Amino acid sequence: MIRVLLADDQALVRAGFRMILKAEPEIDVVGEAGDGAEAVALARDLAPHVVLMDVRMPVLDGIEATRRIVDGDAATRVLVLTTFDLDEYVYEALRAGASGFLLKDAPEEQLVAGIKIVADGGSLFAPAVTRRLIERFAGRHAIAPPPGLDELTARELEVLRLVARGLSNAEIAASLVVSEHTVKTHVAHVLGKLDLRGRVQAVVLAYETGIVRPGESSGG
């Protein structure tokens, strides 16, 4: 059973999501939060697998709430819900450790599928949309390379570049002529050495440090 916490300052929005998810036998809505601070507290108390997080909320916004939840419990994943896909709020939420984002008006089946993907440890983002989002805002947040970057092998750095260009594990495996299992191992090493929560943060880091530059070919 996937435990889900709803975080949105609009009661009607929460009620709508609750109705959709109530019909899913594999999903249990364990709580609702009306602001970011309440979301952080409930995430700590209820230990949900997934938090559906609105980014614009009072008291504490969804970005800082995401950061605190991710830092507080490695098992809880955050799926950001937004009205605008090319939005700096969404970008900041991805930087904070969200596992992906969905538009609030996404079809019901997409919402349910997204929750299942994120609960299973995956990342949910349409590569094309995420690349446009990151290319739009990454230049404003250029950072120095983290210490762990020097620890990456040449192959791990190559895998990071391909992840940042939006390629799936299967596409990376085909590109490098290795098994998908080998790619997963490389990705795990990259995330571990750079102290990242998931592929989304890896993509953001790759752009912000200049490993991948806006406009580069996606390959594959």
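Select Leu196, which sits in the loop between helix H9 (180–194) and helix H10 (199–208); helices here are DSSP runs of H or I with at least four residues, numbered from the N terminus. The model is predicted, with local features needing pLDDT of at least 70 and side-chain atom pairs pLDDT 80 or more, while totals for chains, interfaces and linings use all residues. Residues are numbered from 1 along each chain as its sequence is written, and side-chain values use heavy atoms, without hydrogens and water.

Leu196 counts as buried because its relative accessibility is 18%, buried meaning under 20% relative accessible area with a 1.4 Å probe, protein chains only. Display next its contacts (heavy atoms within 4.5 Å): leaving aside residues up to four places away in sequence, Leu196 touches Leu191, Gln201, Ala202 and Leu205.

Now select Arg199, in helix H10. Arg199 is buried yet has no salt bridge, a term for a side-chain nitrogen of Lys or Arg within 4 Å of a carboxyl oxygen of Asp or Glu. The nearest side chain of opposite charge, Glu171, is 7.5 Å away; Arg counts as positive and Glu as negative.

Terms used. Helices (H or I, at least four residues) and strands (E, at least two) are DSSP runs, numbered from the N terminus. Buried means under 20% relative accessible area, exposed over 50%, partly exposed in between (1.4 Å probe, protein chains only).
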